[in-house]
Amino acid sequence: MKKIGYFGCLLLVAALTLTGCAGNADTLSSPTPGNSTMMPSTSPGTENNTSPNNSALTTQMPILSDMQEGVSAMMGLTSLKDVQTASEEMEDAVEQLSEVDDAYVIAYEDKALVGLQMNDQYQGGVDERLEKMVLGRVQTIEKSITGVYVTDDAAKVQEIEKLTEQLDNAQDLSQVTAAMESMLTDMTVYQE
């Protein structure tokens, strides 16, 4: 009975070994003499662009609009409509935090300016824990946001609120982003 068990184990090990070797085997078929996959040769200075096999030699260049879209995606929010929509959605997301009564958010490129009016029951201020939670909420709306400027200073919150109203009625981003950039100079960014 033991011999049958040893023999069964030996067969199992042999089968697994052969299966492992077969998995690494070259599975490409060898070329047959009748099928030639080589490109026809041409003389130097002449080109044969009519050959269907020439498609392997050409590369597809990206269209300029595709490149612009890629750059925009890397930079984050850059169009007026995207900034307006994302900022509004981020306000709603941040207001879901139990510590926050109202939030005012302006997101542009890869950063967000966030003004908070705290819940009366919340006794703390803006600390790293709260900044991390705000960043997390903002990133649920837009992954390209890498840093948040968070404040609960009443004067700054009021300025941010005015900027969000200005953003809602804006025809272009230049006025809002200029005011936002000037506010960011005396604030610190939170990034992970």
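Biologist: Okay, so axes are lines fitted to C-alpha atoms, for helices over the stretch in contact, and angles run from 0 to 180 degrees between N-to-C directions. What sort of model is this?
Modeller: This is a predicted model, where local features need pLDDT of at least 70 and side-chain atom pairs count only at pLDDT 80 or more, while totals for chains, interfaces and linings use all residues. Residues are numbered from 1 along each chain as its sequence is written, and side-chain values use heavy atoms, with hydrogens and water left out.

Biologist: How many helices and strands does the protein have?
Modeller: There are 6 helices and 4 strands. Helices (H or I, at least four residues) and strands (E, at least two) are DSSP runs, numbered from the N terminus. Starting at the N terminus, the order is α-α-α-β-β-α-β-α-α-β.

Biologist: Back to those axes. At what angle do α3 and α5 pack?
Modeller: About 135°, and their axes are 10 Å apart. Therefore α3 and α5 are oblique to each other; angles under 35 degrees count as roughly parallel, over 145 as roughly antiparallel, 65 to 115 as roughly perpendicular and the rest as oblique.

Biologist: Left-handed or right-handed, that crossing of α3 and α5?
Modeller: Left-handed. That's the word if the near helix is turned anticlockwise from the far one by less than a right angle; clockwise makes it right-handed.

Biologist: Which residues make the contact?
Modeller: From α3 you have Leu80, Val83, Gln84, Ser87 and Glu91, and from α5 Thr164, Leu167 and Asp168. Contact means heavy atoms within 4.5 Å. By class, α3 with α5 gives 3 nonpolar, 3 polar and 2 charged residues. Ala, Val, Leu, Ile, Met, Phe, Trp, Tyr, Cys and Pro count as nonpolar, Asp, Glu, Lys and Arg as charged, and the others, Gly among them, as polar.

Biologist: And how do α3 and α4 pack?
Modeller: Helix α3 (residues 80-94) and helix α4 (residues 128-141) sit at an angle of about 135°, axes 9 Å apart. The α3 and α4 crossing is right-handed. Residues making the contact include Ala86 and Met90 of α3 and Val134 and Ile141 of α4. The classes in the contact of α3 with α4 are 7 nonpolar, 1 polar and 2 charged residues.

Biologist: New topic: how many residues are in the largest nonpolar core?
Modeller: 40, and those with the most contacts inside it are Leu113, Leu116, Val134 and Ile145. Such a core is a set of buried Ala, Val, Leu, Ile, Met, Phe, Trp, Tyr and Cys residues joined through side-chain atoms within 4.5 Å. Buried means under 20% relative accessible area, exposed over 50%, partly exposed in between (1.4 Å probe, protein chains only). The largest share of this core, 7 residues, comes from β1.

Biologist: Where's Met118, and why does Met118 count as buried?
Modeller: Met118 is in strand β2. Met118 counts as buried because its relative accessibility is 16%. Leaving aside neighbours within four places in sequence, its contacts include Val100, Val126 and Leu130.

Biologist: What about Asp82, where does that sit?
Modeller: In helix α3. Asp82 is partly exposed, with a relative accessible area of 41%. Its C-alpha atom is 9.0 Å from that of Tyr108, 26 residues apart along the chain.
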